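Have the structure open beside you as you read.

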Amino acid sequence: MDTKRDFFVWLPPAYDENVSRRYPVLYMHDGQNLIDPKVAYAGKDWQVDETVNRLIKEYKIKEIIVVGIYNNKNRLDEYSDTEVGAKYRKFIIEELKPFVDSKYRTLSENNNNAIIGSSMGGLASFIIAWKHPEVFGMAGCMSSSFYYNDEKAFKMIDEYTGPKKHIKFYIDHGEDGLIRGQRMFCKLTQLGYVIGTDLDYFYARGAEHNETEWAKRLERPLIFFFRR
């Protein structure tokens, strides 16, 4: 497992205007693909900076800080419930988040911290929030690879017998994950999650499995998590 990790921190436009103000934080996987088409997969980025800026200007979301965590050659193992994945989650929780909270004016509580990803990154977002709701109170799971590792994400839910976890979930998919996306949505409703309150679900009919499609619908989880 690599010992070095690239990431970026994007600050909202008014960050320097009020030095006493603190901000919610959005953590995102696959950091290369988020804001720069020069390094993004297939030259298509999520346009996260443009979308967040627009939603802030339109008064649809609060101003937020965005942290993009780059992936590496261990992506599949890191983004799933493996020993390597546990180390990746430990890095985020015990190293990266404390660093961001110490260097920037963040709202560090779980209800002000979201994590979002797509495909395997969507699976990773589900796993880290499910296992650590005290850290991340919001998880955005876009076109998630819930099939991976013998559908272990579903087994986590089926084997859980405790009280409902305090997490807001966003689940979506295009044509790429219709069956398992709907299945995850149904399982969460059976656990007591309520659409519009702590659960949002979206089926992007006809959408393919790529960065362009995720960029198109990113505003939905952002508004669900950070609505003004």
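This is a predicted model: local features need pLDDT of at least 70, side-chain atom pairs count only at pLDDT 80 or more; totals for chains, interfaces and linings use all residues.

Residues are numbered from 1 along each chain as its sequence is written, and side-chain values use heavy atoms, with hydrogens and water left out. Helices (H or I, at least four residues) and strands (E, at least two) are DSSP runs, numbered from the N terminus.

**The sheet**
- Seven strands make up an open sheet with mixed pairing, in the order E1-E3-E2-E4-E5-E6-E7; two strands pair if DSSP finds at least two bridges between them.
- At the edges sit strand E1 (7-10) and strand E7 (199-203), each pairing on one side only.
- On average, and with direction ignored, neighbouring strands are turned by 15° against each other; axes are lines fitted to C-alpha atoms, for helices over the stretch in contact, and angles run from 0 to 180 degrees between N-to-C directions.
- Strand E2 (residues 25-28) pairs with strand E4 (residues 113-118) in the parallel sense, over four bridges.
- Look for leucine 26, whose bridge partner in E4 is alanine 114.

**Helices on the sheet**
- H1 packs on the sheet and touches E1, E2 and strand E3 (65-69), where contact means heavy atoms within 4.5 Å.
- The direction of H1 makes about 20° with that of E1.
- H8 lies across E2, E4, strand E5 (138-142), strand E6 (168-173) and E7, and runs at about 170° to E6.

**H1 with H8**
- Helix H1 (residues 48-57) and helix H8 (residues 219-226) pack at about 50°, their axes 11 Å apart.
- That angle makes H1 oblique to H8 (under 35 degrees counts as roughly parallel, over 145 as roughly antiparallel, 65 to 115 as roughly perpendicular and the rest as oblique).
- Thr51, Val52, Arg54 and Leu55 in H1 meet Glu219, Leu222 and Ile223 in H8.
- By class, this contact of H1 with H8 has four nonpolar, one polar and two charged residues (Ala, Val, Leu, Ile, Met, Phe, Trp, Tyr, Cys and Pro count as nonpolar, Asp, Glu, Lys and Arg as charged, and the others, Gly among them, as polar).

**H5 with H6**
- The axes of helix H5 (residues 148-159) and helix H6 (residues 178-190) come within 11 Å and cross at roughly 10°.
- H5 is therefore roughly parallel to H6.
- From H5, Glu151, Ala153, Phe154, Ile157 and Asp158 meet Arg180, Arg183, Met184, Lys187 and Leu188 in H6.
- The residues of this contact divide into five nonpolar, no polar and five charged.
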